[in-house]
Structure formats: structure tokens, C-alpha cells
Amino acid sequence: MPTPAPGQATTPVPALRASESPDTGSGGPTVAELLDFVRRTADDAALVASLPLDPEGRTWLRLEGPGGSEAWLIGWPPGTGTGWHDHAESAGAFTVATGALREHSLAARLPTDGWKSLELHEGIDRTRELRAGEGRGFGRHHVHEVLNESERAHAVSVHAYYPPLPQIRRYSRTGATLRLEQTERPEDWK
Ligand SMILES: [Fe+2]
């Protein structure tokens with residue numbers, strides 16, 4: 001597929017139907033089970049307190065997720081965020097253990113491959129604030145960015161993905177234009 005010229009309108013983005021429920025779809029743990037795991041883990045005050053916090057950047061602790069899933073405890077200093085990304089074929093769930101996180105997401109199913117730039121329809125942006133004890137599950141190809149908007153308080157959250165993350169696609173966003181910048185694979189994260 002040819003790469004579109006800059007500014008050229010590209011693939012249309014169909015909106016998600018309300019009836020489409022997230023499902024890992026591969027015989028592993030369900031999104032509900034991942035959500036249950038992250039909630040129970042976020043309630044483990046000793047585990048949450050064991051995560052080293054760094055004011056200069058995010059910190060991670062790998063956890064054993066249910067049914068072979070990949071799980072992480074993540075610390076977010078004030079003002080840090082992920083940037084726009086998806087988790088490819090992995091579904092997942094996350095919940096806030098301490099502090100609060102903001103999630104911006106797209107209520108749209110993006111074409112999986114073969115594009116560099118998408119013009120997003122109006123009305124597909126979603127935003128939600130997740131406070132301690134609040135979480136969400138998501139299906140495959142969920143596109144989002146997660147931020148700690150606090151000026152003072154660290155946030156700590158628990159995340160689980162199934163299948164274990166084969167790749168993450170990173171995007172830049174300018175207005176309604178979403179541009180694929182980078183595809184990262186596990187070997188890039190070491
Ligand atoms: Fe994510």
C-alpha cells in the first residue's frame with residue numbers, strides 16, 4: 001500500500017458499535033478476569049508500596065498476571081504520560097491504586113496495518129479520569145494515552161495484557177490527524 005502524501009486524507013475510521021464488547025478472543029483470560037486481577041492487585045497495599053518511585057520518570061515492576069497474561073505495576077510522577085499508542089492484538093485492563101490518571105481514547109476501530117496517517121472523525125474522542133480504585137478493560141486495538149495530570153502527586157496503577165504484548169504502535173496526534181510513528185516490539189523495551 002503506498003504511503004499517503006502529507007496532508008492527504010486517508011482511510012476512513014468506522015465508529016465502534018456499542019454492542020462490541022472487549023474480548024481477548026484467544027482462549028486466555030477474559031477482559032473481566034484481567035480487570036478483576038488488576039483491581040485485586042491494586043488493593044494490595046504492601047505490593048503497591050514496594051514500587052520504587054522516581055520524580056524524574058515512570059517506574060515499572062513486572063508482575064505475574066493470570067493465565068499467562070503480562071502485568072505491570074507502574075509509577076507515574078506528576079506530569080508524565082504515555083503518548084498515543086495501542087497494544088496491537090492484546091486486550092487488557094488497568095486500574096489506579098493511588099493518585100489519579102487521565103485516559104484519552106478513541107471510540108473507533110482503526111485499520112490494523114498498511115497506513116501511516118488517519119483523519120479521525122469528529123465525536124470519537126473519549127476522556128475519563130480514573131481515581132484510586134477505578135479501572136477499565138479494553139479490547140484489541142484500543143488506542144489511548146494515559147497521563148498523570150497532577151502537579152504534585154504520584155500515581156500508581158496496575159496493568160494486565162493478554163496475549164502478552166507482541167508489539168506497541170506509537171502515534172503522534174495533531175488535531176484530527178493520527179500518524180503512526182513507530183512500532184515497538186518486546187526486544188526494543190530491554
Ligand atoms: Fe496502553
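1. Start with A88. This residue is buried, with a relative accessible area of 1%. A88 sits in the loop between strand 3 and strand 4. Look at its backbone too: phi is positive, about 50°, although A88 is not a glycine. Keep in mind throughout that this is a predicted model.

2. Find H141 in the loop between strand 8 (135–138) and strand 9. Is H141 buried or exposed? Its relative accessibility is 11%, so H141 counts as buried, since the cut-off for buried is under 20%.

3. Now the metal. Which residues coordinate the iron ion? They are H85, H87 and H144, each through its NE2 atom, at 2.0 to 2.2 Å. Along the sequence, the donor residues follow the spacing H-x1-H-x56-H. H85 belongs to strand 3 (residues 84–86) and H144 to strand 9 (residues 144–147), so this pair ties together parts that are 59 residues apart in sequence. Both H85 and H144 are buried.

4. Next, the largest nonpolar core. How many residues does the core have? There are 16, and V38, L73, V156, V158 and A160 touch the most other members. Helix 1 (31–42), strand 2 (70–76), strand 4 (91–98) and strand 10 (155–162) each supply at least two residues of this core. Helix 1 gives the largest share, with five residues.

5. Pick out L73 and list its neighbours. Leaving aside residues up to four places away in sequence, L73 touches L47, V48, L51, T59, W60, L61, L63, V156, S157 and V158.

6. Check the peptide bond between Y162 and P163. This bond is cis, with omega about -10°. Where is P163? P163 is found in the loop between strand 10 and strand 11 (168–174).

7. Last, E119. This residue lies in strand 6 (residues 117–119). Its relative accessibility is 33%, so E119 counts as partly exposed. The side chain of E119 makes a polar contact with the side chain of T177, at 3.1 Å. E119 and G175 are 56 residues apart in sequence, yet their C-alpha atoms are 9.1 Å apart in space.

Note on methods: Residues numbered from 1 in each chain as written. Predicted model: local features only at pLDDT ≥ 70, side-chain atom pairs only at ≥ 80, totals over all residues. Heavy atoms only, no water. Core = buried A, V, L, I, M, F, W, Y, C linked by side-chain atoms within 4.5 Å. Buried < 20%, exposed > 50% of the residue type's maximum accessible area, 1.4 Å probe, protein only. Helix = DSSP H or I, 4+ residues; strand = E, 2+ residues; numbered from the N terminus. Contact = heavy atoms within 4.5 Å. Polar contact = N/O pair within 3.5 Å; in protein donor to acceptor, adjacent residues only side chain to side chain. Donors = N, O, S within 2.8 Å, 3.2 Å for Na, K, Ca; no water.
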